[in-house]
Amino acid sequence: AAEEGFDVEDVEGAIEEAGHGPLPVLAVVGRPNVGKSTLVNRIIGRREAVVEDKPGVTRDRVTYEAEWAGRRFKVVDTGGWEQDVLGIDASVAAQAEFAIEAADAVVFVVDAKVGATDTDEAVVRLLRKAGKPVVLAANKVDGPSGEADAAYLWSLGLGEPHPVSALHGRGTGDMLDAVLDVLPDAPAQTFGTAVGGPRRIALIGRPNVGKSSLLNKVAGEERVVVNEIAGTTRDPVDEMIELGGVTWKFVDTAGIRKRVHLQQGADYYASLRTAAAVEKAEVAVILIDATEPISVQDQRIVTMAVEAGRAMVIAYNKWDNLDEERRYYLEREIETEFGQVAWAPRVNVSARTGRHMEKLVPAIETALAGWETRVPTGRLNAFLGELVAAHPHPIRGGKQPRILFGTQAGTKPPRFVLFASGFIEAGYRRFIERRLREEFGFEGTPIHISVRVRE
Ligand code: GDP
Ligand code: GDP
């Protein structure tokens, strides 16, 4: 490395940074209007207000990456879901329940100007039950005169209330320091101690694509689909299902089976549930209704899984109900809409007839294998050397940026760091990714490539 102009420490630092595993998840929960979205914006360091959203407007994006004091984590914003037909307590409880389930730590936001309400107390009970670390944010303390209001929140029994002004940023740094004190380095749920335990699958897709039907089919038993009010159920959320002689853990199946009648916020609720399931899983099986045009919502779900860095399989369901014409258009749509995830194994199934159910497990195994692939540094550099010699980067401004060497910094999903002599254009990066995939497989997994340029 040294003779290529990179300092050994730089190289090691870059590898460590690129190689980070899955990030721990922080959920921000609380009643409507206490300032959750404002606080999330503050944490992720963006001003454009998610806050302007009207209730009921689709909010697909619920997890964001954030960084504080050099540590990276994910933030789940539950601010997009306003009170709905369930009534305030049930809706806040349901929203908090999903978020807490997926989180490694929680920021509980209370409006210090209003003080603790019954709804706040209800959330406190959920938090106690979940046993996750909690940081209490006493929000809307815009100036010193508000500090006294914050102190009243000791009564919630969650320890020290951290007075903050999400709006102005007052106190949020101290609050984040407190968060980092309790947030684990890696998500316990996803990569816990259960090495060799069952692999975790999230079965996701928009409503009515057949998730519940597929789950019933693979589990080999009819399940009761009931009308339940979210947040009141005591169902286990994860289910062990044996497939192909192996036990798999399907995460968040209670969410799949629940039938919740929501009007406002229903889409948002579905997104939150999907995000929570994806966070907990190693591999996402994304179910698409093949009889209907691929929708924006389908694409958003795919994007969610890719951005979370999970292994992925795409299953096209209702294959029993496809005519020639639809089949023709489906193939065109897959090319145009899912071109970016052409690496995902595909299965054409029917939850109704059981068609190709046996192909599901091999596809999942392929995706997990790709997700865990590690390319030895020697092989990688032999490959890169040949590639760069045969297909050099275009000359820019009289110079030719060159990839000097590279290494795989991590797996799950595979992450690479490439060290270069100059700026590497996006097109050339995509070319490298394509060739890496051709050479080493990586079927069913996103891959990350970061490039370091010699100073
Ligand atoms: P959410 O429903 O919990 O996500 O709450 P929002 O983030 O949408 O905020 C609700 C309202 O409270 C908005 O009008 C915000 O501008 C306001 N707000 C949020 N944080 C603060 C704060 O720290 N101080 C004051 N004065 N207002 C705030
Ligand atoms: P979920 O909302 O994703 O859980 O979807 P459901 O499992 O509730 O299915 C929605 C509808 O699609 C139901 O009417 C199912 O009977 C139907 N459905 C599910 N899978 C199939 C399939 O493979 N073929 C056909 N023709 N219909 C299906």
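Q: Which residue in β11 stands opposite A284?
A: It is M312 that stands opposite A284. Two strands count as paired when DSSP finds at least two bridges between them. Here strand β10 (residues 283–289) and strand β11 (residues 311–317) pair in the parallel sense, over 7 bridges. Helix α10 (residues 296–307) packs on the sheet and touches β7, β10 and β11, with a direction at about 170° to that of β10. Touching means contact: two residues whose C-beta atoms, placed from the backbone, lie within 7 Å. For the angle, axes are lines fitted to C-alpha atoms (for helices over the stretch in contact), and angles run from 0 to 180 degrees between N-to-C directions.

Q: What should I know about the model and its labels before going on?
A: This is a predicted model, in which local features need pLDDT of at least 70 and side-chain atom pairs count only at pLDDT 80 or more, while totals for chains, interfaces and linings use all residues. Residues are numbered from 1 along each chain as its sequence is written, and chains are lettered from A and ligands numbered from 1 in the order in which they are written.

Q: How many helices and strands does the protein chain have?
A: Helices (H or I, at least four residues) and strands (E, at least two) are DSSP runs, numbered from the N terminus. In this protein chain there are 14 helices and 15 strands. Of the contacts between residues at least 6 apart in sequence, 75% join residues at least 24 apart.

Q: In what order do the strands of the 6-stranded sheet lie?
A: Read across this open sheet, the order is β8-β9-β7-β10-β11-β12, with mixed pairing. The edges are β8 and β12 (346–348): each has a single partner strand, so one side of each is left without a neighbour in the sheet. Direction ignored, neighbouring strands are turned by 30° against each other on average.

Q: Do β8 and β9 run parallel or antiparallel?
A: Strand β8 (residues 239–243) runs antiparallel to β9, and 5 bridges join them. L243 is opposite V246 in β9. The two strands form a hairpin with 2 residues between them, and G244 in the turn has a positive phi of about 55°. By contrast, strand β7 (residues 199–204) is parallel to strand β9 (residues 246–250), joined by 3 bridges, with I201 opposite F250.

Q: Which strands make up the open sheet of 3 strands?
A: They are β13, β14 and β15, in that order, and the pairing is mixed. β13 (403–410) and β15 (448–453) are the edge strands, each pairing on one side only. From one strand to the next, the twist averages 20°. β13 and strand β14 (residues 415–420) are antiparallel, with 6 bridges, and G410 is opposite R415. Helix α1 (residues 8–18) lies across β13, β14 and β15, at about 150° to β14.

Q: Which residues are joined by a cis peptide bond?
A: Most residues other than glycine have a negative phi, and most peptide bonds are trans. K412 and P413 are joined by a cis bond, with omega about 0°. P413 sits in the loop between β13 and β14. There are also positive phi values at residues that are not glycine, including N33 at about 75° and A69 at about 50°. A69 lies in the loop between β2 (63–68) and β3 (71–77).

Q: Why is Y329 called exposed?
A: A residue is buried if 20 or more other C-beta atoms (placed from the backbone) lie within 10 Å of its own, exposed if 12 or fewer, and partly exposed in between. Y329 is exposed because it has 11 other C-beta atoms within 10 Å. Y329 belongs to helix α11 (residues 324–337). Of the 14 residues of α11, the number buried is 1, so the helix lies largely in the open. Across the protein chain, 43% of the 455 residues are buried.

Q: Which residues are closest to ligand 2?
A: A residue is near a molecule or strand if its C-beta atom, placed from the backbone, lies within 6 Å of it. Ligand 2 is surrounded by 16 residues, and the closest are G210, K211, S212, S213 and R352. Helix α7 (residues 211–219) gives the most to this shell, with 3 residues.
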